[in-house]
Each structure stands twice: as C-alpha cells, then as structure tokens.
Amino acid sequence: MKGIIFDFNGTLFFDSELHYDAWRIFSARLRGYPFTDEEMQKYMFGRTNSDIIEYAIGKKPSPDMVEKLAKEKESLYREECLKHPEILKLAPGAEKFLDLLKENNIPRTIATMSERDNVAFYIDIFKLEKWFNLDKIVYSNGKIPGKPAPDIYQIAAENLNLSPQECIVIEDAVSGINSAKSAGIGSIIAISSVEPVEYYQKIDGISRIIRSFDEIDLNIFNAGLLTV
C-alpha cells in the first residue's frame, strides 16, 4: 500500500445524524413524509443528489430541478451543521492521523459524493488545506456516477498517481465500500461511525474495522490488515 483515500461524510466527519435530519426534513417537503432510516442507508449515503431526488419523487428529475432542489437541501444541511458546533469537528483521532500522514509524505486525498458548495464549506470549517492538496480532492461535479459505481475511487487513485490496488480506502457506507471494491482498491478499512462493528463483519472485502482513527497508525502501509 502506498496511498490512502478517505471518504468524508461519516468517515472524516461524523455527520450522519445531521444528514439524517436534513434529508428527513427535505424529503417530507418533496413527498409529504420523511425518509426512514432504512431508506437512508440504502438510497442516500454515497449517492448523488440526483439519485436521491429521483428516488424521492419516483421519476427522473430534470437537470434544472436537480440543481434547484439540491441547493435547497444542502443549504438546509449546512444550517444544521452550524446549529451543532459540538459535532462540527473532524472524527476522533483524525487530526493526529492526518498529521502523521503529512509528516511521512504518504499520498492522500478525499473522495466524496458531496457537491462543490459542501466541499467548500468543509475546506473552510476544517482547514483541510493543512493536510490535503485541494486540487486532488474528488467530489460530485455532476459528471461522476454516484457510489457504488467505481469511478470516484478510480479517479482519486489516479490523482495520487497510484493504481487502485496500491491504495487504502477508509469508508463508512456500504455503497462506498462496494465502490472501492469495484474500483479494485487494495485494502478497505470500514469505520464504525454509526453502525456497530458487527454490521461490517458481515460484509465481504473489508480488511479491517475501526471505531476511530486512534486505532490505526502508519503500520498499515507495511503490514497486513487484520479484521477487528
């Protein structure tokens, strides 16, 4: 393993409940009742806003509709973030781990299905330029298929000048894990930010399961990854 790719939402930023709240509110506006937790897990995380809106309204939305509704939903989500400063911080152990990667010149980037406005929000709030080359971050630009399609992780590996097989991915969502597997990623670490560890033990292709970034160190680049 030579490089590492991070999912962001639910991985570097434990914001799943904030997304739950924003989508519940917004889906109630779209269809009259909120998404269930099961729908969230199956149809929301790692998907594009276009995919989610199509599921919510039961038909293919026009590009103009996607742009309008997506901006409304993401604005609502950012408002929810700012209402909860106690949550608005990187995941436990993440800053220390990112510092180690930087000090040791380990290639790294982010691959998120968040859109441009949210990524700009994260860069500003979390000062991501401290650890990442912002030009190498991959986000939903309207052209990349949502997870579980492999494209986003293939592009992220290419941005690091590595093959997918040479990369580690850290993910929390099943759609993202499947995306990484389809992309041919060498090792996949699942982070248990919302779901229990036992949930991930049933999923094939995971090399290791962690609860926080305090549980991993740079030995992941030198040794085999053992499932917790």
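Are F97 and F213 buried or exposed? Both are buried, where buried means under 20% relative accessible area and exposed over 50%, with a 1.4 Å probe and protein chains only.

Before going on, I note that this is a predicted model, where local features need pLDDT of at least 70, side-chain atom pairs count only at pLDDT 80 or more, and totals for chains, interfaces and linings use all residues. Residues are numbered from 1 along each chain as its sequence is written, and side-chain values use heavy atoms, with hydrogens and water left out.

**Rings.** I searched the whole structure and got 17 aromatic pairs; rings of Phe, Tyr and Trp (its six-membered ring) pair if their centres lie within 6.5 Å, with planes under 30 degrees apart stacked, over 60 edge-to-face and the rest tilted. I looked up Y77 and Y122: centres 6.5 Å apart, planes at 80 degrees, so edge-to-face. Y77 sits in helix 4 (residues 63-83) and Y122 in helix 6 (residues 116-126), so this pair ties together parts 45 residues apart in sequence. Helices here are DSSP runs (H or I, at least four residues), and strands are too (E, at least two), numbered from the N terminus. Y77 and Y122 are both buried.

Back to F97 and F213: they are stacked, at 5.9 Å centre to centre and 25 degrees between the planes. I also logged one aromatic cluster, formed by F8, F13, Y77, F121, Y122 and F126.

**Helix contact.** I found N49, S50, I53 and I57 of helix 3 meeting M65, V66, L69, A70 and E74 of helix 4, contact being heavy atoms within 4.5 Å.
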